[in-house]
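Trainee: I would like to go through this structure step by step. Could we begin with the strands, then turn to the contact between the chains?

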There are 2 protein chains.
Amino acid sequence: MHFTSDRRNGDLIEREFVLGEIPGVLWAPARASSPVPLILLGHPGGLNRMLPRLAARAEAAAAQGFASVAIELPGAGDRPASASATRARADLQRAIAAGGRPSEEVIDRLVLPLVEQAVPEWQATLDALLELPGFGGPVGLSGGVVAMGVRLALVDPRIAAAVLFAGSYVPRSIIEEARRVTIPLHVLLQWDDEGNDRQLALDLFDAFGSTEKQLIANMGGHTGVPRHAGEDASGFFARHLVRAC
Amino acid sequence: MHFTSDRRNGDLIEREFVLGEIPGVLWAPARASSPVPLILLGHPGGLNRMLPRLAARAEAAAAQGFASVAIELPGAGDRPASASATRARADLQRAIAAGGRPSEEVIDRLVLPLVEQAVPEWQATLDALLELPGFGGPVGLSGGVVAMGVRLALVDPRIAAAVLFAGSYVPRSIIEEARRVTIPLHVLLQWDDEGNDRQLALDLFDAFGSTEKQLIANMGGHTGVPRHAGEDASGFFARHLVRAC
């Protein structure tokens, strides 16, 4: 992990880094009683475009004493595109434009390779960060491509709690993996999201093996998550990440 | 409305009353900048048995500056039982014990007469209370038999916001009424409640005409609503009842 910039923004220290070929950003509270819990900030890809929103989420997390980190997704932003992902995305959009539901095969072809590649990248990021002084865990996972979150929560015991956005396309095999996820979960769903398969999202929530899971469905379309829903998610992390590091 | 007792309990003034034949309890913050918003506390019937839990909810509401009121349901507690409701309840329990889903006819026979009788009683309670000095509205509705909440929210424009517990048996005609409810809603659902028709609860949430509605599903069975869910509901009322009275 190689840091390429370091600037202070109010109570937040923002540091850009590269991990191999992967660009990322780390936000840490300027005044931290070390070590601080760390939140992995998921996003749909395109780190530069997402930065203002990610920085706002990091600022809210820092107010609770948490550090945050985001990395670029495979094939997104400045990272080399994958020809097969580009084809799969076009097939998916064609199915949606035709008013139909994308086939399981298209969803698998788009999402599963992304999960296979991105989850080890998140884990490598964690490996590197948790070696730095001041970062001790526990680790929370917040949003992003939900299938990726399911896999990461399943395979990495460092993830102590997760806020997930249900609703993007989820392969059936990932719903089966969700049955073995047991960490506390706070699952957000936009009830009237047109680009969303609501029943699949409910099936995913139902599948999770966690005894502590909460589904929060709001109106307002894909991007209309209300402000208070973000505050409730902060409360969730405050309950689950504030333990002895 | 005739008050029969008046006692101070910490920061709360608790007054029992009768309205005609209906017993009720009113809780008001001892130090109120009048007039205060009022929350109707619903419950499943049996006011005396429910008093400790209702008083705790009233105390939380008073901490936000809200008064609370509860009245006994028709046919419950010391009020005369209805022979037809008793029969309908027995039929419902027989269907559940046999492992089946109660028929629409049994649900209608149990719930609709209760709604028909209870909603005007709630409205008469509101009429009487809003004439007292210190109570100015807006009025929030919190929990209780959900079908009753839907009808009251539909017919009484004084109800400005409602926290509803989805999951008890809801007649199909009430789901149709829900389409015309437009106030902000905070809908709680116990996801794994054995005595609960989850799909009916989701259908009810979907039906509500409100542009601002939130579904919050938790684990923990029928009585296992987690503590933080109550806090989120308080936040909902704080957002919607704190306006100029």
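Mentor: 3 bridges join strand E2 (residues 7-9) of chain A to E3(A), and the two run antiparallel. Two strands pair if DSSP finds at least two bridges between them. Helices (H or I, at least four residues) and strands (E, at least two) are DSSP runs, numbered from the N terminus. This is a predicted model: local features need pLDDT of at least 70, side-chain atom pairs count only at pLDDT 80 or more, and totals for chains, interfaces and linings use all residues. Residues are numbered from 1 along each chain as its sequence is written, while chains are lettered from A and ligands numbered from 1 in the order in which they are written.

Trainee: What is the mean pLDDT of chain A?

Mentor: pLDDT is the predictor's confidence in each residue, from 0 to 100. In chain A, 98% of the residues reach 70 or more. The model scores ipTM 0.79 and pTM 0.86. The mean pLDDT of chain A is 91.

Trainee: In E4(A), which residue is the bridge partner of A:Glu14?

Mentor: Start with E3(A), where A:Glu14 stands opposite A:Arg7. E3(A) also pairs with strand E4 (residues 22-29) of chain A, in the antiparallel sense over 8 bridges. In E4(A), the bridge partner of A:Glu14 is A:Trp27.

Trainee: Which element gives the largest share of the side of chain B that touches chain A?

Mentor: Two residues are in contact if their C-beta atoms, placed from the backbone, lie within 7 Å. The contact takes 14 residues from chain B and 14 residues from chain A. On the chain B side, strand E10 (213-218) and helix H7 (227-241) each give two or more residues. The largest share, 6 residues, comes from E10(B).

Trainee: In E10(B), which residue is the bridge partner of A:Gln214?

Mentor: Strand E10 (residues 213-218) of chain A pairs with E10(B). They run in the antiparallel sense over 5 bridges. The bridge partner of A:Gln214 is B:Asn218.

Trainee: Which residue of chain B comes closest to the rotation axis?

Mentor: Copies are superposed by least squares on the C-alpha atoms of residues with pLDDT of at least 70 in both. Chain B can be laid on chain A with an RMSD of 0.0 Å by a turn of 180° and a shift of 0.0 Å along the axis. The two copies are thus related as by a two-fold rotation axis. Closest to that axis in chain B, at 2.2 Å (C-alpha), is B:Ile216.

Trainee: Why is helix H4 of chain A largely enclosed by the rest of the structure, and how many of its residues are buried?

Mentor: A residue is buried if 20 or more other C-beta atoms lie within 10 Å of its own, exposed if 12 or fewer, and partly exposed in between, with C-beta atoms placed from the backbone. Buried residues of H4(A) include A:Met148 and A:Leu152. They pack against elements of chain A, among them helix H3 (104-129) and strand E7 (135-143). Helix H4 (residues 146-155) is largely enclosed because, of its 10 residues, the number buried is 8.
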